[in-house]
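Biologist: I am new to this structure and would like a close look at one part. Please start with a single chain, then show me what surrounds it.

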Amino acid sequence: MDHKLERKKIKTSYQSLVIDIFIWVFLIFAALFILAPTIFMFTASLMPASDVVKMPYRWIPGGFYWQNYWQGIRGNDGSFIYIRNILNSLIVATVVSVSTVFLSALAGFGLAKYYFKGRALVFMMIMGTMMIPFEAIMIPLYLVTTKLGLQDSYAGLIAPFLVNAFGVFLMRQYFITFPDEILDAARIDGASELMIFKTIILPNSVPAIATLAILTFKAQWDNLLWPLLVVQSEEMKTIPLYIVKFMAEKHTDEGAMMAVAAIASIPILIVFFRLSKYFLGGAALYSSRKG
Amino acid sequence: MKKLFVVFLFVIFVSITVNAATDIEITFWTHEDPNRTEIENRYIAEFEQANPGVTIKRVTSGSGQIQELILTAFAANQGPDIFNMSIEDEYAYIVNERLAPVDFEAAGYPSLQAIYDAYIPGVLDPVTYKGQLYGLPLELTNWCIYINKKIFRDVGLDPEKDYPKTWEEMMEVSDKIAIREGEILKRRGFDFRYPYYLVSWVPMVEQLGGKLISDDGKTAIINEEAWLKVLDYMREWGPNGRNLGSPTYTNARKLFNKDNNDVAMCLTGLYQQGRIRADNPEFYESGEWMVVPFPVFENAVKDVPAAYYGHYYMVNGQKPKENQQIAWKFIAFMLSHPEEYLTKVNIVQPTVKLMESATFKSMPYSEVFKNDMAKGHIVYYGESSAKIQSLIREAVESVMLAGVSPEDALKTLKRKVQEVLEEG
Amino acid sequence: MSKRIQSYSIERQKARWGWIFVAPTLIFFSLFSFYPIFNAFYASLFRKKLLSLKPPDFIGFNNYSYLLKSPDFWNSIRATVVFTLGTFIPLLIFSLIFAIFIMSRKRFQNFFQMAYYSPAVLSSVVAAVIWLLIFDPRGLANQWVNFALNTPGIDHKWLASSVMVQISAMMVYFWKYVGYFTIIFIVGLASIPQSIYEASKIDGANDWKNFWYITLPLLKPTTILVSIMSMLQCLKTFSTQYLFTQGGAPLAPINVITLNIYHTAIRDHRIGRASAMSIILFIIMLFFTWLQFKFSRTDEVSY
């Protein structure tokens with residue numbers, strides 16, 4: 001009996017070694033493919049334009065062509081407006097993240113833990129907004145925003161994104177599993193509903209909040225079409241707008257373009273690496289619906 | 001959390017109050033051009049000093065975005081006081097009566113006729129509608145062929161004598177110059193300005209007697225034979241033919257300045273000289289580049305150079321009368337410096353005076369541009385010109401890249417353009 | 001009796017609080033989502049030019065019937081469907097494979113997760129700028145493929161040929177989102193209780209059987225979530241195709257519905273027709289979501 005088992009064991013360990021190597025190779029190749037464009041951006045940002053599109057491409061820059069970064073930060077007109085634009089992106093993304101978290105938590109809590117007539121309908125309607133293509137409402141949205149006098153301001157950049165359906169969905173899913181007994185116990189102790197929200201719900205949903213905040217932040221960092229329409233002055237532009245404009249300018253070459261792209265990516269990559277546990281663990285919450 | 005919310009409310013509040021206006025504020029939206037920004041900001045300062053109580057807010061956007069920006073703003077009745085775009089895009093604003101006609105008194109002219117007299121004939125036609133004038137030209141541009149002499153000599157050609165005069169020669173010369181690695185072009189001879197078909201490609205059809213739209217404006221695609229020949233030329237040019245160029249390579253005009261042995265010829269305007277000077281002063285000074293006229297087909301029935309196109313300053317008709325007057329006054333003030341626009345920004349404002357001036361004549365090869373302009377006509381403009389241009393683009397690219405036969409591509413093109421015309 | 005009244009009033013009070021909590025969000029959505037979409041529907045019933053100041057003509061559902069007859073619109077449907085299927089199926093399969101492979105490793109789990117996820121944090125504008133350079137005929141894409149296949153000098157026409165340009169768009173999207181969905185799957189995998197596997201081990205099941213009979217069924221909710229999310233993402237795709245055509249790629253093969261909406265509104269000024277197109281897209285998206293929710297409702301998973 002021992003003998004037979006032994007043979008089987010050897011066979012499986014040999015098999016599993018092959019599989020093991022295959023998996024490593026596969027993962028490493030995939031990682032290379034996925035990382036290559038980002039690495040390309042950073043290396044190309046240190047090259048004179050004539051080296052960027054060249055056959056064959058040299059992955060290690062011949063020298064460090066820091067001028068690209070200088071040109072990117074300084075701008076073609078020497079106004080250094082990019083710094084202000086980066087700041088704008090930070091402000092907008094931060095405010096939107098905070099308000100999204102706050103309003104989503106409120107609404108998600110209301111939908112998860114309170115029964116009221118029409119709740120299902122309200123939830124359906126909120127979910128329905130996820131299916132609205134932005135292009136469809138672009139012009140009416142612009143009308144609303146200008147009617148409120150918000151064009152070319154932070155408020156205009158922020159207003160349409162104060163909360164989103166995905167956030168409400170995420171928070172609702174998270175709260176649904178929250179034990180009712182704790183809430184009832186607090187009520188018996190005389191806590192008001194707002195108190196419950198503030199002292200019990202919020203402190204207990206830090207992971208969900210962190211995830212939502214980061215995802216929202218990232219989405220805002222990426223937003224192009226809306227800022228394009230609502231903002232005109234240089235001082236109010238955000239990073240994607242600056243990149244698109246910089247690309248269209250006459251003195252821009254490929255090296256400088258990559259430098260600008262790299263500058264835009266560095267802060268978010270740093271945030272990503274520092275907070276990776278939320279990025280990586282955070283996705284947990286999507287599937288916390290298992291209940 | 002609470003604190004952050006307060007901060008957030010505060011931000012909204014501040015940004016609203018900041019928007020409150022002062023005396024008269026004229027908003028002026030234009031495309032980004034660093035050289036022009038520099039001189040126009042100076043004009044603004046001078047104008048504001050001379051007209052107390054007036055502020056001019058000049059904002060710029062990338063040239064690719066300005067069109068949609070202004071369109072959305074106008075759709076929401078929030079357009080700027082002053083704006084400019086290329087005429088194909090601007091024409092819809094004229095026919096939809098969104099503009100204020102030129103106030104000749106505010107602009108400092110004794111009569112409307114005096115404005116027409118100040119400009120070379122024909123250039124104000126596109127902005128004349130129902131007897132009113134709706135714009136003043138910021139720039140009028142036509143394109144000729146720039147040549148890098150070194151690359152010509154490199155393949156044993158004498159640029160002064162062997163430069164391509166016909167499209168047939170253009171193909172031969174480009175083939176001689178091209179360096180490939182397999183199918184991939186490492187050096188091109190000439191390459192087209194792909195998205196700009198109305199400006200530089202339709203004239204090629206016209207050389208062979210074709211026309212985009214009949215004189216009565218009712219029928220699209222006149223003289224199919226001419227169209228087919230030029231479509232076939234493009235098929236020859238592209239990667240499925242003799243592989244001389246394609247829209248997906250970096251555009252030739254941009255590479256030309258670098259003088260990096262990438263491209264020998266490109267199609268561009270007088271303004272390119274300023275950019276060569278800025279990008280690569282050494283090359284500019286070397287005298288190793290020259291400009292020659294737009295080629296014609298060997299059996300051309302008409303000598304048609306590239307069409308010229310223009311940007312016109314326009315004024316929003318929904319603004320109060322007072323704003324409109326100040327806007328025209330300011331535009332006229334800016335446009336009273338055509339020589340500075342020419343020397344600093346390299347753009348041509350086609351006044352009679354400028355075209356005859358020593359400054360213009362002393363610009364290298366300005367004669368070549370002037371001659372071509374005199375023979376040419378303005379680019380096709382109409383309420384749907386942008387759409388028509390993209391339909392032409394679709395047709396040419398399907399022939400060049402997707403292997404569609406010129407006959408099929410033309411049939412589709414004709415049907416679609418006809419539909420656009422009929423829908424109005 | 002009094003007890004019943006009390007509990008009734010508590011219920012009422014709770015309902016009121018429910019409304020209060022939802023109210024800010026609801027007000028927000030009314031202003032920035034419901035009103036605009038109704039506005040778009042209303043506009044879709046008119047023949048309206050964006051710049052025209054004249055009152056628009058009411059034409060009922062003519063915009064819709066025009067679209068259903070227009071080959072151009074059907075091409076957009078085709079482009080959108082091809083893109084969605086061509087992107088979302090590989091996304092689903094590869095993110096699942098990546099997740100399982102990563103979870104089978106004892107080391108470098110975090111490294112792989114971060115590496116795969118990193119493109120998702122780059123902005124789409126940056127992504128498009130990078131990929132346009134890679135797809136240049138002289139760029140990296142040709143160099144790699146020619147190196148791998150040992151076919152020097154072949155131009156694969158990444159942005160030029162009508163088939164390749166569709167594949168290129170899918171590649172960019174795949175690159176950008178595969179890490180995102182990998183991580184969702186990883187979380188799904190992590191939430192499967194280890195005890196189930198241990199139980200099956202005792203029953204003598206091997207890895208493959210485990211995967212087929214335990215992992216996959218238990219991953220169903222995650223799979224459905226991933227497919228809904230990635231499908232909606234794909235149907236809404238805009239910036240990649242937009243920036244590709246700006247970079248010289250032919251329009252027709254990648255003229256997805258959103259791009260068509262954008263051109264119809266912004267270039268052709270036909271706001272009525274563009275609105276009709278967006279309402280159709282809205283309905284398509286609603287339909288698919290409903291379909292997937294319906295599937296997910298039928299078999300809830302329990303451990």
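How many helices and how many strands does chain A have?

Modeller: Chain A has 15 helices and zero strands. Helices (H or I, at least four residues) and strands (E, at least two) are DSSP runs, numbered from the N terminus. The model is predicted: local features need pLDDT of at least 70 and side-chain atom pairs count only at pLDDT 80 or more, while totals for chains, interfaces and linings use all residues. Residues are numbered from 1 along each chain as its sequence is written, and chains are lettered from A and ligands numbered from 1 in the order in which they are written.

Stay with chain A. Of its 291 residues, 49% count as buried. Buried means that 20 or more other C-beta atoms lie within 10 Å of the residue's own; 12 or fewer means exposed, and in between is partly exposed, with C-beta atoms placed from the backbone. Now its contacts. Two residues are in contact if their C-beta atoms, placed from the backbone, lie within 7 Å. Take the contacts in chain A between residues at least 6 apart in sequence: 77% of them join residues at least 24 apart.

Chain A touches chain C. On the chain A side 73 residues take part, and on the chain C side 75. Helix α1 of chain C (residues 2-43) gives the largest share of the chain C side, with 20 residues. By class, that side has 51 nonpolar, 20 polar and four charged residues. Ala, Val, Leu, Ile, Met, Phe, Trp, Tyr, Cys and Pro count as nonpolar, Asp, Glu, Lys and Arg as charged, and the others, Gly among them, as polar.

Chain C itself has 13 helices and two strands. Its radius of gyration is 25 Å, well over the 19 Å of the globule rule for 303 residues, so chain C is more spread out than a compact globule. The radius is taken over C-alpha atoms, and the rule is 2.2 Å times the number of residues to the power 0.38. The C-alpha trace of chain C spans about 85 × 75 × 30 Å along its principal axes. Buried residues make up 47% of the chain. Among its contacts between residues at least 6 apart in sequence, 72% join residues at least 24 apart.

Chain B has two domains: domain 1 (22-140 + 309-364) and domain 2 (144-307 + 384-423). Their bounds come from an automatic or database domain assignment. The C-alpha centres of the two domains lie 30 Å apart. Contacts join 11 residues of domain 1 to nine residues of domain 2. Helix α4 (residues 87-95) gives the most to the domain 1 side, with three residues. That side has seven nonpolar, two polar and two charged residues.

Chain B also holds sheets. One is open, with five strands in the order β2-β1-β3-β14-β6 and mixed pairing. Two strands pair if DSSP finds at least two bridges between them. The edge strands here are β2 (54-61) and β6 (136-141). Strands β1 (residues 24-31) and β3 (residues 82-86) pair in the parallel sense over two bridges. There, B:Trp29 has B:Phe83 in β3(B) as its bridge partner.

Another open sheet of five strands in chain B runs β8-β9-β12-β7-β13, again with mixed pairing. Its edge strands are β8 (179-181) and β13 (289-292). β8(B) pairs with β9 (residues 184-190) of chain B in the antiparallel sense over three bridges. In β9(B), B:Arg187 is the bridge partner of B:Ile179.
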